[in-house]
Amino acid sequence: MTTSLNELEAQLATLKQVATKAIAATDTLEQLEQLRVGYLGKKGQLSQILRGMGQLAAEDRPRIGSLANVVKESLQASLDGKRSYLQEAQIQAQLESETLDVTMPGVYSPIGRVHPINSTIDRVLDIFVGLGYTVATGPEMETDYYNFEALNTPADHPARDMQDTFYLPDGNLLRTHTSSVQIHYMEDSEPPIRIVAPGRCYRRDTVDATHAAVFYQIEILAVDEGLTFTDLKGTIKVFLEEMFGEDLPIRFRASYFPFTEPSAEVDVQWQGRWLEVMGCGMVDPNVLKSVGYDPEVYTGFAAGFGVERFAMVLHQIDDIRRLYNSDLRFLQQF
Ligand code: 2NL
C-alpha cells in the first residue's frame with residue numbers, strides 16, 4: 001500500500017487543525033502534557049504520519065519534510081503558549097486562595113471585667129491583708145452548731161426561725177453569715193488570730209430594692225491578749241478611710257448582736273447624710289469558750305457588713321437587684 005503526497009499533506013493539515021483545537025480547549029497542565037505526547041512524542045501522530053514518507057518519491061520528500069516541520073513548530077508554539085498560560089493561571093489561583101482580607105471583621109471576643117461585687121470584695125480584702133489579716137473561707141452549707149450555737153445565738157433568736165433561714169431536709173442550713181467560717185478557723189488555730197472572711201450567704205427574705213435572698217458578707221475577727229474596743233475603733237476607722245478614700249466623720253451607736261458584747265453599729269457621714277455601713281463589737285466570752293479559748297486570757301473584736309450595701313453606696317446604685325441581673329448596660333459602667 002502506498003501513501004500519496006496529497007494524502008500525507010491532508011493528514012498533516014488535519015493533524016494541525018485538530019491538535020490546535022484540542023490544545024486550545026485544554027485547561028490543565030496534565031491534559032496538555034498528554035496531548036504533547038500524543039501529537040509530537042516518539043510514537044505520536046506526527047511520527048506515524050512521517051513513517052508514510054518512506055513510500056514517497058524522493059523528490060516529494062523534502063516538501064512533506066518541511067510541511068511536517070511547519071506543523072511541528074506550530075503545534076510546539078501552541079503547546080508552549082498554552083503551558084505558560086496555564087502555569088500563570090495556576091499561580092494566580094493560588095495567590096487568590098491565599099489572600100488575606102485585612103478588612104474582614106475579626107472574631108468578636110469582648111474583654112470581660114470584674115463585677116462590682118467582686119471588685120468591692122477585692123478592695124476590702126486588700127485593705128485587711130495590708131493590716132496583717134489572713135483571708136479565710138468555708139462552706140456555704142453549715143450545721144446549726146457553726147451558724148448559731150457556737151455564736152451564742154439562743155434557740156429562740158428570730159434568726160434561727162424557719163421564716164428567716166433556709167433549712168435543708170437533713171437538718172443542715174445555708175449559712176446566714178460568714179461567722180461560721182471564723183468558728184472553724186478558731187477551732188483549728190491558737191491566738192493571736194486576725195482573719196477576714198468573705199463569702200456568699202443566704203436568708204429567707206422578700207426580695208426588694210435593698211434585700212436579696214442570696215448576698216455577700218465580709219466579717220473580720222481579731223483575737224489576742226489585751227485587745228480592746230479602742231483597737232476595734234481604730235481598725236474600723238482606718239478601713240473606712242481607705243474604703244471611702246477620705247477621712248469621713250464616723251460614729252458608733254450602741255447595738256446588740258448575740259455574739260458580741262458590747263456591740264455597735266457604725267455610721268459614716270457621706271454626701272451630707274449618716275449611712276449605717278457595718279456592725280461590730282467585742283467577741284462575747286461565750287463564743288471564745290465554745291472554741292476552747294480562755295476568755296480570761298484573750299479578748300477579741302469582730303465586725304461584719306454586707307458587700308452589696310457597700311457597693312451600692314460607693315457606686316450610687318439604687319436597687320440591689322441590678323447587681324444580679326447581668327445586664328451589660330449596667331455592668332459595663334464599672
Ligand atoms: C452586720 C454585723 C457582725 C460579727 C458580725 C462575729 C463573729 C465571730 C464572733 C463575734 Cl466568730 N462576732 N461577727 C460581730 C458583730 C457584727 O456583723 O451587720 N453584719 C452584716
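View 1. Exposed means over 50% relative accessible area, buried under 20%, and partly exposed in between (1.4 Å probe, protein chains only). Aspartate 327 is partly exposed, at 27%. The two residues form a salt bridge in which the closest N and O atoms are 2.8 Å apart. A salt bridge here is a side-chain nitrogen of Lys or Arg within 4 Å of a carboxyl oxygen of Asp or Glu. The model is predicted: local features need pLDDT of at least 70 and side-chain atom pairs count only at pLDDT 80 or more, while totals for chains, interfaces and linings use all residues. Residues are numbered from 1 along each chain as its sequence is written, and side-chain values use heavy atoms, with hydrogens and water left out.

**View 2. The salt bridge between aspartate 267 and arginine 253**. The N to O distance is 2.7 Å. Aspartate 267 belongs to strand β7 (residues 260-270) and arginine 253 to strand β6 (residues 250-257), 14 residues apart. Strands (E, at least two residues) and helices (H or I, at least four) are DSSP runs, numbered from the N terminus. Aspartate 267 is buried, with 2% relative accessible area, whereas arginine 253 is partly exposed at 32%.

**View 3. The salt bridge between glutamate 276 and arginine 253**. Their side chains meet at 3.2 Å, N to O. Glutamate 276 lies in strand β8 (residues 273-283) and arginine 253 in strand β6, so the pair ties together parts 23 residues apart in sequence. Glutamate 276 is partly exposed, at 37% relative accessible area.
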